[in-house]
Amino acid sequence: MASLQSFSKPVSQNPHITRKPVDPSLSLRLIPRNLAFLGHGLRYIHHGSAKETKIIRSSNQTEAVTDYNIQVSDVPLLTSSEAMERLKTNRENRKGTQEFLAMYSSIFGGITTDPAAMVIPIDDHMVHRGHGVFDTAAIRDGYLYELDQHIDRILRSASMAKIGLAFDRESIRRILIQTVSASKCKTGSLRYWLSAGPGDFQLSPSGCDQPALYAVVVQDKSPFSSKGVKVVTSSIPIKPPQFAVMKSVNYLPNVLSKMEAEEKGAFAAIWLDGDGFIAEGPNMNVAFVTKDKELLMPPFDKILSGCTAKRVLALAEGLVKEGKLQGVRVENVTVEEGKKAVEMMLIGSGILVRPIVQWDEQIIGDGKEGSLTQILLNLIIKDMESGPLTVRTPIPY
């Protein structure tokens with residue numbers, strides 16, 4: 001019996017899939033109108049086999065195709081226990097920097113520490129319609145950082161997305177704390193979702209019985225870095241303000257923006273709003289230190305209200321009192337102003353405060369990590385480790 005791994009290999013490398021030889025005389029043909037595009041090719045069923053047609057582009061961009069039959073007679077029909085066993089094997093064979101230590105699901109009404117069981121129903125409207133919102137909170141030395149601030153934000157997002165609540169706020173908070181406790185994670189992150197819930201594959205969520213809550217505790221083994229990075233201006237259109245201000249699962253623009261940056265050898269791409277002002281990064285806010293030693297940050301009326309960014313603004317007021325900063329301003333920032341800044345930084349719960357040393361072809365400041373950026377990073381780290389209980393929630397392990 002073929003394994004799940006074998007079906008994930010390319011056709012040419014998969015011994016479990018029979019490939020019929022192609023008649024060279026038939027290798028080029030017109031594309032029939034009744035075929036639909038699926039992925040990188042075309043697909044239809046013919047006499048018990050899935051017939052796949054691969055698009056070939058010639059130098060003059062005329063589309064031609066080669067076709068071959070894929071025999072699917074050996075696709076196994078699995079029992080629930082066999083499917084679960086394969087899920088376990090698949091999970092065990094995955095290599096990455098993140099470990100998933102615990103998951104809560106309102107669907108099965110409890111917490112699991114088995115990564116193979118950390119799944120959600122395929123008919124959940126968050127999966128096939130994007131009707132869900134999420135948020136995250138850092139775990140630092142056995143405390144959840146800014147948990148209440150993040151819960152407030154996900155509830156605002158849920159309201160804007162017209163998603164009902166599976167539980168009241170206090171119950172959600174208690175479930176999240178218990179999930180972290182069960183994970184035994186002391187340093188990592190907690191990510192959680194509110195969705196319209198499972199029900200059917202219709203566009204309207206009217207067939208969903210009840211909304212759902214999911215939460216996962218993630219431990220990331222990637223080393224933390226405060227090294228300066230390069231950013232570029234994103235060519236991917238920014239989300240309209242109605243959607244940008246809520247933290248929904250519709251992150252395709254964010255993903256494409258991040259990929260665009262990586263393709264250009266950069267860490268992230270910076271979005272501009274509809275008026276040409278600096279907006280935000282793909283999943284972080286952006287801020288500047290001007291030549292007059294003022295901390296400058298774009299307003300949150302058209303972008304996501306970053307919890308970490310707002311905390312940086314609050315902590316920066318202390319630097320004003322100490323004379324290290326001359327002021328803190330939240331207002332529209334032009335690209336020209338941003339690129340003339342002496343320091344530039346990205347701010348988010350995953351990266352905390354990350355210095356930017358180059359934007360497009362423009363070197364920021366002297367091209368080195370800024371001293372005030374480092375001071376703000378140290379303030380956030382100190383706040384996570386020993387700040388007031390208004391931003392630190394103890395976990396009862």
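D152 is partly exposed, with a relative accessible area of 34%; on this scale, buried means under 20% relative accessible area, exposed means over 50%, and partly exposed lies in between, as computed with a 1.4 Å probe on protein chains only. The structure is a predicted model, in which local features need pLDDT of at least 70 and side-chain atom pairs count only at pLDDT 80 or more, while totals for chains, interfaces and linings use all residues. Residues are numbered from 1 along each chain as its sequence is written, and side-chain values use heavy atoms, with hydrogens and water left out.

Side chains of opposite charge can pair when their charged atoms come close. A salt bridge is defined here as a side-chain nitrogen of Lys or Arg within 4 Å of a carboxyl oxygen of Asp or Glu. By this rule, the model contains 15 salt bridges.

One of these joins D152 to R169, with the closest N and O atoms 3.0 Å apart. This pair links distant parts of the chain, since D152 belongs to helix α4 and R169 to helix α5, 17 residues apart. Helices (H or I, at least four residues) and strands (E, at least two) are DSSP runs, numbered from the N terminus. R169 is likewise partly exposed, its relative accessible area being 27%.

R169 also meets the side chain of D148 in a salt bridge, at an N to O distance of 3.4 Å. Because D148 lies in helix α4 (residues 147-160) and R169 in helix α5 (residues 169-183), this pair ties together parts that are 21 residues apart in sequence.

A further salt bridge is formed by the side chains of D275 and K302, at 2.8 Å from N to O. Here the linked parts are loops: D275 is in the loop between β12 (268-270) and β13 (285-289), and K302 is in the loop between β14 (294-297) and α8 (307-322), 27 residues apart. Salt bridges that share partners, in turn, join D148, D152, R169 and R173 into one network.

Another loop position is G323, which is found between α8 and β15 (327-330). G323 is partly exposed, with a relative accessible area of 43%.
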